[in-house]
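This report goes through the arrangement of chains, domains, sheets and helices in the structure below. Please keep the structure open while reading.

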Amino acid sequence: MAEVFFRLRITFEKGGSLRWLSHLELARAMERLIRRAGLPYAVSQGFNTHMRFAPGPALPVGTAGMQELFDVWLCEYVNLRHALESLQGAAPRELAISAVGYVSPGAKGLQATHIYERYSVVLRAAETNAEDMRERLAQVVAQGELTVRRRSKDKTYDLTSAVVSPLLVEVVADGAADGTNIAADAADAADCYVVTLSLKASESGSLRPEYLLNAALETFELVSVTRSALADEPPCPSI
Amino acid sequence: MTHETKPGRTLWETVAPLLARIERPSRYSNHEFNALYKPEASYRAALLYPDTYEIGQANQAIGILYDLINGLDDCSCERAFLPWVDMLALMREQGISLFTLESMSPVRDLDLFGITMPHELAVTNILEALDLAGIPLHADQRDESHPLILGGGPGAFNPEPMAEFFDAIAVGEGEEVTCEIIDVHLRARARNASRRELLEALAEIPGVYVPLLHEEGRVITKRVIQDFDACPVVTAPIVPFAEVAHDRFVIEVLRGCSRGCRFCQAGMLYRPVRERSADTIVKAVARGIACTGFDEVALSSLSTTDHSQIEQILRRLNHQLSGTGVGISLPSQRLDAFGVDMARLVAGEKKAGLTFAPEAGTQRLRDIINKNVTEDNLISAVQQAFSAGWRRCKLYFMIGLPGETDEDIRAIAELVNRAYAAAKDAVPETKRGQVRMSMSVAVFVPKVTTPFQWVGQIARAEIERRIAVLRGTRLHKGIDLKWHDPASSLIEAALSRAGREAAALIEAAWRGGARFDAWTEQFRLAAWEAAAQQVGLSLNELAEHEYAVDEPLPWDHIDCGVSKEYLRAEYERALSAVTTPDCSFVGCTDCGACPTLEASVRLGGDSRG
């Protein structure tokens, strides 16, 4: 008889100083916290036995995530409330577990389904305003493509498919935006802005919101980049 | 307190933007699971391993003392590591001083700054750390406003080259003496004692060396834990986010090794042998995995397969961990059939690679160094391992050992060729292409408190010539030959047996830019050569210096328990290629450690062997 598995999807937040973890470091931290939580995780068979899990779409080092996803296969059904509490008790500070739920064990992987990413970017910039910034960003998007040089290689992104929402730009006062404590710097004349947008990940490499900003603005100080949500369908067009 | 940060910003907010500009930012993240926070404590300590996070976080001594100090009333202990060169440069540029990970406090604001003295290639990192912390390098330049700078670790057994940079150095095992030092410090603080009075009180503690107050004739005897089995295991160690060396749950199954290899400092420093019992180990592993979530447990020691209950331990752990995906690792393999049997017990389907250390190519030279293994031991261990499914094996050797001839060097190649042939024969014909053997060759560095402490390192040109002899031998194509850099061995040898005169050399090398000397890409021999010239010393002379057996030695005031007479007798036995057995198997060989240290060999089971 085939073994029955239960696929638990964990929603968590990668924030604070842990935004600096790499994808690999994050996956290892999740694996360890699942083991500490004492959940009956399934173990792969074969040469190198290990916990059966699948991380969600990678976040770049330095980018925070508010609703990140991670799947682990269990070999016994566990009451969801119990699973949530066990995971929360085993999580490091700054890696908060917010929700758990079951998904079909055979469902497609997170990296294939959850390709719509909502971002908010906090930056400081002088000599501009929200309207101007929005316009400049819109002009970049309107060009349809963007070529970025990374590690001395050029890569061209198709913006018509990658940018799936209008860009919102807001001025924020001092204090919290997306949980980052932006200290008011008396000497700093620059204003603080939050840019919000949705992007669609692509197998050939995903566009990062910073690339659009780099193309649109001459000088700015990037305060934080946060992926606020991951979804398996495009954002509602009315937003 | 954090006056170098902009007003209104915490140190984290100043540091965070720098993280986008450097490699591996997770080195500087705190909040790892099991990290401890006691911001309310009135006595605050920081422990530093003088290298990067991923090297230092693996250090077991720091983990033990971290747990211990945080367990004391009203005391906290935090960790600090040396930032990598990219972060160092940014911190220097922005005026950020060395900070602890947990609370991001400047180290110089704390009460105690404990620094590991791991090996010779870390000495410049210790000066870098002190300077980055804004603490005067020299003990005699510090006052009541500075933390107490405490050293410890293997480097404590020849403290003189680093003595003037430390206020106090704890010699030997730190579990008890660290608490005594903190107790004395707290009392001194309570009565508003001067720094001098504090140092005087510290010098009274057995095992504590206070270089500024040292008097001729005083001997500091190392501290040992008598009942190691009763010493608590740290079952909730910090779980790093960044990938570190030895990224797993580690349990020290025994302390000390008395096999008596004559080049090996650890084998003399940590006597006598004391084992944890099988019950203690098995229980601690269950707890350790539950508290950390690691997927591997390492049974650590200098000679794990010598544990009197090793087979029982491995069988019980296999049973306990079966079906969990948690693996067991044995860091060192005993070079015989039993060693391979034990490795098989834990390997399961995953037979990554085995490591053996024959050290020398001929029986005569192995007898000189008291490496009590034979060619038959090696060949049968290899046969057994490769027929059991292993496909890779690494062999360690040294060149430049006392008494070595060209014949011994050529014999290394012959031995490895025979081992390689035995490996191929033991593998089914279709799988022979997978057989890999690598040999790693290091240059012998004489160390203090060993029978070879009087001997100089062979001259640089002679090392090159001997390397050429080995290179001239014919090795099978499947054998991969690797070298340790002879230039960094020169620095190790120049410092390992030096006296206080080496302090000026170390300081000049550091001022000339030497740091991270253990990192091949950072090591700069030129900085050391320039420093030697500047202070009027010669690296070669220091490294090659031969001490007469009856002359006083710069480390005579440090007593590791093993008597100088025993070391001298062992040196003489080496010269006539006579071996000495392991006392934990056959009974006392009169090294002196047990009576001097008031300790004894303690086994978990009835006997070894």
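## Two packed helices in chain B

The model discussed here is predicted. Helix α11 of chain B covers residues 310–321, and helix α12 of chain B covers residues 337–347.

On the α11(B) side, the contact is made by B:Ile310, B:Glu311, B:Leu314, B:Arg315 and B:Asn318; on the α12(B) side, by B:Met342, B:Leu345 and B:Val346. Sorted by class, the residues of this contact are five nonpolar, one polar and two charged.

## The four-strand sheet of chain B

An open sheet in chain B consists of four strands in the order β13-β14-β15-β16, with parallel pairing. The edges are taken by β13 (354–359) and β16 (479–483) of chain B; each has a single partner strand, so one side of each is left without a neighbour in the sheet. On average, neighbouring strands of this sheet are turned by 20° against each other, direction ignored.

Helix α14 of chain B, residues 375–387, packs on the sheet and touches β13 and β14 (392–399) of chain B. The direction of α14(B) makes about 170° with that of β13(B). Elsewhere in the sheet, strand β15 of chain B (residues 436–443) runs parallel to β16(B), and five bridges join the two. One residue pair can be located by name: B:Ser438 has B:Asp480 in β16(B) as its bridge partner.

## The three-strand sheet of chain B

Chain B also has an open sheet of three strands, ordered β8-β11-β12 and paired in parallel. Its edge strands are β8 (249–252) and β12 (327–329) of chain B, each of which pairs on one side only. From one strand to the next, the twist averages 20°.

Strand β11 of chain B spans residues 296–300 and is joined to β8(B) by four bridges, the two strands running parallel. Here B:Ile251 stands opposite B:Leu299 in β11(B).

## Domains of chain B

Chain B is divided into domain 1 (11–221) and domain 2 (228–501 + 537–597). Their C-alpha centres lie 29 Å apart. Domain 1 of chain B gives 33 residues to the contact between them, and domain 2 of chain B gives 37 residues.

Which elements give two or more residues to the domain 1 side? They are α2 (53–56), α3 (60–70), α6 (160–163) and β7 (220–221) of chain B. The largest share, four residues, comes from α3(B). By class, the domain 1 side of this contact divides into 16 nonpolar, eight polar and nine charged residues.

## A buried glutamate in chain B

Is B:Glu78 buried or exposed? This residue lies in strand β2 of chain B, residues 75–81. A residue is buried if 20 or more other C-beta atoms lie within 10 Å of its own. With 27 C-beta neighbours inside 10 Å, B:Glu78 counts as buried.

Leaving aside neighbours within four places in sequence, the contacts of B:Glu78 are B:Ala46, B:Thr100, B:Leu101, B:Glu102 and B:Ser103. By contrast, B:Glu215 is 137 residues away from B:Glu78 along the chain, and their C-alpha atoms are separated by 33 Å.

## Chain A: domains and a hairpin

Chain A is divided into domain 1 (6–112) and domain 2 (115–231), and the centres of the two, taken over C-alpha atoms, are 28 Å apart. The contact between them takes 12 residues from domain 1 of chain A and 10 residues from domain 2 of chain A. On the domain 1 side, six residues are nonpolar, five polar and one charged.

Strand β6 of chain A (residues 145–150) has six residues, and the number buried is zero, so this strand lies largely in the open. Six bridges join β6(A) to strand β7 of chain A (residues 153–158), and the two run antiparallel. A:Arg150 stands opposite A:Lys153 in β7(A). The hairpin of β6(A) and β7(A) has two residues between the strands, and A:Arg151 takes a positive phi near 50°.

## Contact between the chains

The contact takes 25 residues from chain A and 29 residues from chain B. The chain A side divides into 12 nonpolar, six polar and seven charged residues.

Methods
Residues numbered from 1 in each chain as written. Chains lettered and ligands numbered in written order. Predicted model: local features only at pLDDT ≥ 70, side-chain atom pairs only at ≥ 80, totals over all residues. Pairing = 2+ DSSP bridges. Axes fitted to C-alpha atoms, helices over the stretch in contact; angles between N-to-C directions. Contact = placed C-beta atoms within 7 Å. Nonpolar A, V, L, I, M, F, W, Y, C, P; charged D, E, K, R; others polar. Domains from an automatic or database assignment. Buried ≥ 20, exposed ≤ 12 C-beta atoms within 10 Å, placed from the backbone.
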